[in-house]
Structure formats: structure tokens, C-alpha cells
Amino acid sequence: MSIIYERTNGLTKTSTHYCPGCTHGLVHKLVGECLVELGVLGEAIGVAPVGCGVMAYNYFNCDMQQSAHGRAPAVATGIKRVLPDKVVFTYQGDGDLASIGTNEIIHAAHRGEKITTIFVNNAIYGMTGGQMAPTTLIGQRTTTSKSGRTVEHSGSPIRVSEMLATLDGARFIERVAVNNPVNVRRAKRAIKRAFETQLAGEGFAMVEVLSSCPTNWGMEPLDALKWLKENMIPYYPLGNLRNWGV
């Protein structure tokens, strides 16, 4: 009997700690599959964030390094410069990357560091209790915006991909989603392309993945995916913003 589908060797067999309906695990799977298919799993070094993905080192079947909150791009920069032949990536959420780590990600992209960043955007702080993040949408209720985020109080949500795409050192920037099978396949292609950018020595690459957080959104998993489609994608349009090969 032929094997149609099997667990990727890019992930360990550790049981997940993520909440039911969370799409972090799906993004992990896509990253693991890309590392295997590109033949670089043995040369990969991942940098784990602080946040829901803090225990990414338990899941990716490659060398991993833990970083302080928001500092994954700086840690990855050091690793890549010391070990330039390795495939170095960061895995970060929006609270880690777009809040405390804003400075780090901007300057890593500006310098054209030859690393790959997987940026999971679920528009909220997940692990710490559901607070408002820089990516929280206008009107979205969180534990720190009980009546919904307003422009007057908190400004507009930051579109990180559009911001980084203006920097010359950023060579591949794409926003994807994992809310349905079609978008999952597109997400995998973008993640693979981001790693290929690093392998080609071109510079900084990032894939922003729109993700759901049913627990902190206060929704059932299927309702959360629908909310993502109807609310997040209109504000954070999917597509490629920078591609060195075009």
C-alpha cells in the first residue's frame, strides 16, 4: 500500500500544547515540511520567541535557540553571521515581533540579514491573557480594550509586511493565511520561497501568516476561521509584497 500522507521528519513527536483550533501547529507543520523538502533540516537552526510559540524548540526537529522577548532577529543575526552556512529562521508572534521586537525586526530587514522569519499574526497577545497587540483590529475587543480598539486611543493596527517591504534589505515579503486548504497550500509555497531566498544569499525574507486564536477571541474554532476571513484579510490583504526573483 502506498503512503499518501505521513508525519514530516521536520517535526518531533511531542504532543502539542496549543489550544484547540489554534493554527500554530499547522504553521509548524508547513515549516517542517519545507525544511525537509529543501534538504536543509540537518543544517537548520530555529530561534524560538516569547509568547505562544515559546516552546517551538519542542516541536521543530532541528537545532533551536531560545531568545528573550522580541529579540529573535538579533539572536538569529548572531547565529547566521557566525555560522553562515546554516539555514537560520525565527518563529515569532505579533506580540513578540510587532511590539517589543519592532526595533529588532526593522533593523534586521534594513541590514538585509540573511535569515528567514515566520511571523504568525493572530491580532492579539495569546499566551499572556489576550491583551491588545499592535496588530489588533479597530473595534476588536481584548482584555485591555474592553470596548474595542479605537484609532484615537491606540492608533491604527500596524501592517508589518507593508512596512518592511519598503526596506532595500528585505528581499522577500509575503502575507498568507491558513484559514482554508487553498490558503494553506499558498502559505507553504511562500514559506519555501522565503527559505530559498536565504539559500540564494539574497537577504532578509519574511512570511506573515494570518492565524486564528479561538481561545482569546472567545470563539469556536470554525467561527474563528470565518472571522479571520471576514475581518483580518480585508485589513491585511494576502499576497506578495517583495520578491527578489521578479
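Contact means heavy atoms within 4.5 Å. Among contacts between residues at least 6 apart in sequence, 69% join residues at least 24 apart in the protein chain. The model is a predicted one, in which local features need pLDDT of at least 70, side-chain atom pairs count only at pLDDT 80 or more, and totals for chains, interfaces and linings use all residues. Residues are numbered from 1 along each chain as its sequence is written, and side-chain values use heavy atoms, with hydrogens and water left out.

The protein chain holds nine helices and seven strands, assigned as DSSP runs (helices H or I, at least four residues; strands E, at least two) and numbered from the N terminus. Its radius of gyration, 17 Å, is close to the 18 Å that the globule rule gives for 246 residues, so the chain is as compact as a globular protein of that length. That radius is taken over C-alpha atoms, and the rule is 2.2 Å times the number of residues to the power 0.38.

Buried residues (under 20% relative accessible area, 1.4 Å probe, protein chains only) make up 51% of the 246 residues. A nonpolar core is a set of buried Ala, Val, Leu, Ile, Met, Phe, Trp, Tyr and Cys residues joined through side-chain atoms within 4.5 Å. The largest has 31 residues, of which Val-31, Phe-60 and Phe-89 touch the most other members. Elements giving two or more residues to this core include helix H1 (24-37), strand S3 (87-93) and helix H7 (181-199). The largest share, six residues, comes from H7. Apart from this core lies another, of 20 residues, among them Val-47 and Phe-204.

How values were computed. Buried < 20%, exposed > 50% of the residue type's maximum accessible area, 1.4 Å probe, protein only.
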